[in-house]
Amino acid sequence: MKRYDLHINGQSVKPSTNIWFETQNPFTGETWAHIPRCSAQDVDLAVQAAHLAFTQGAWAEMTASQRGLLMHRLGEVIARRAEQLAQTEVRDNGKLYSEMLGQLNYVPQWYYYYGGLADKVQGATLPLDKKGYFAYTRHEPMGVVAVITPWNSPLLLLAWKIAPALAAGCTVVVKPSEFTSASTLEFASLFEESGFPPGVFNVVTGFGNEVGSALVEHPLVSKVTFTGSDATGRVINQQAGAQLKHTSLELGGKSPNIIFADADLDQAVNGAVSGIFAATGQTCIAGSRLLVQDTVYDEVVARLLALAKTAKMGNPMDAQTQVGPITTPAQYQKVKDYIEVAKGEGALLLLGGKPADDDACGNGWFIEPTIFGEVRNSMRIAQEEVFGPVLSIIRFEDEEDALSIANDIRFGLAAGVWTSDMARAIRMSENLKTGTVWVNTYRAISYMAPFGGYKDSGLGRENGIGAIGEYLQTKSVWINSGAVTGNPFVMR
């Protein structure tokens, strides 16, 4: 049994409460570690440390190139520790080891990319319409950033946030999900190994009402970045807005994955399965609404069922496993409840719909891959985020009908389009109200490609060159060359 401590100002620190809470392995259902239960006092200690590091000392005095070099070193250390960190994530969130290791092997690229970008942030001289002045702009880091991460891919999504924040010159206090805090606490030690000064990266753990709110509302926090449910995002946005703090929010989705009759159906069906059953549907970009053109509806459904029935559930550490457990007991119950809601609404259950009874699943929180057909877009199962291995199939007639159904949702995070007609692909990409559109693929990501949502799916963008701007403020500087004189009571 492992017991973790906090990470504040470069040191392991016991919580002021002297209380730890249990974290369970989703595959076995057993407690495997204890996580510190923080209080507002611990949050204040962490924020004060981050503020001190931001305002004075080694980090505050570093050049952008020096920051970039530290980030590159951090990426190298992560690469060496990828297997260990991936194993911790699997133990904590139950996702497949193959997926977690793939993520951890890719995560260093965020630190290399933004480390290289750190000294490319440039202001500009301004060709003013007023004579006698020289003016320019400069970009300055916002300060202490509160980072709140979810339970499904802790270290990948952490990289999306802290890599641009560190490149900008900010310092951070991270509050991981109370369900999956272990990998972030282990990750913290890599900063000192990489040569970062104390206080640049801090971790506090615990529950939202005890830790999250205290962090968001702390007066020394300048920016809040959050990934999670839209309901929690609204609360965080209100709390931050009360103090006019900057926020970026990556929230939920109910993404349409659209198959046209002219698509390569083998490829499209593979993409549909990957879009919902990979990661056990526990991803904000899950293609949980499968829109299928009516002329190929029956064929697509038949192929989909045949493929989904082959899914192997079991130990997420096993290389042969394709679908792992649900991460938390509460989410497990939520998924079961939504399945009953769908049945009650009249959706046609085609596959699954119940907890797994396979011996390979042990005592884990497993739900069989579940497919509902003849779903109407107005049903709750089509409008609300389930965050589990549950697919809703919806018929459409033509391109106009597909767009109408796809956009008739309060979310707008991602969409997939499967077609051999590139003109149609471009039209669909232009008219889908989502932050990402994949054509003849699904769930592709890169540190180079901006990611974020329309509508209730969030505010701001992560990844890509522009993401560093989420952690910078722009200042205009005016210099009188000595030629400007006149009446001091008149605006010049």
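1. Lys 2 has Ala 33 of β5 as its bridge partner. Strand β5 covers residues 31-36 and pairs with β1 in the parallel sense over two bridges; strands count as paired if DSSP finds at least two bridges between them. Strands here are DSSP runs of E with at least two residues, and helices are runs of H or I with at least four, numbered from the N terminus.

2. This is a predicted model, in which local features need pLDDT of at least 70 and side-chain atom pairs count only at pLDDT 80 or more, while totals for chains, interfaces and linings use all residues. Residues are numbered from 1 along each chain as its sequence is written, and side-chain values use heavy atoms, with hydrogens and water left out.

3. The open sheet has three strands in the order β1-β5-β4, with mixed pairing. β1 (2-3) and β4 (20-24) are its edges; each has a single partner strand, so one side of each lacks a neighbour in the sheet.

4. Asn 93 belongs to helix α3 (residues 64-93). Its relative accessibility is 0%, so Asn 93 counts as buried (under 20% relative accessible area; exposed is over 50%, partly exposed in between, with a 1.4 Å probe and protein chains only). A polar atom of the Asn 93 side chain lies 3.0 Å from the backbone nitrogen of Lys 95.

5. Ser 213 is in helix α8 (residues 208-217). Its side chain makes a polar contact of 3.1 Å with that of Gln 239 (a pair of N or O atoms within 3.5 Å; within protein, one must be able to donate a hydrogen and the other to accept it, and residues adjacent in sequence count only if both atoms are side-chain atoms). Buried residues of α8 are Val 211, Gly 212, Ser 213, Leu 215 and Val 216. The buried residues of this helix pack against α1 (40-55), β7 (144-148), β8 (171-175), β10 (221-227) and α9 (230-241).

6. The largest pocket is lined by 38 residues, with Trp 151, Phe 226, Gly 228, Ser 229 and Thr 232 nearest its centre. A pocket is an open set of points on a 1 Å grid over the protein atoms alone, where a 1.4 Å probe fits, with protein on both sides within 12 Å along at least five of seven lines; lining residues have an atom within 4 Å of a point. Helix α9 gives the most to this lining, with five residues.

Note on methods:
Contact = heavy atoms within 4.5 Å.
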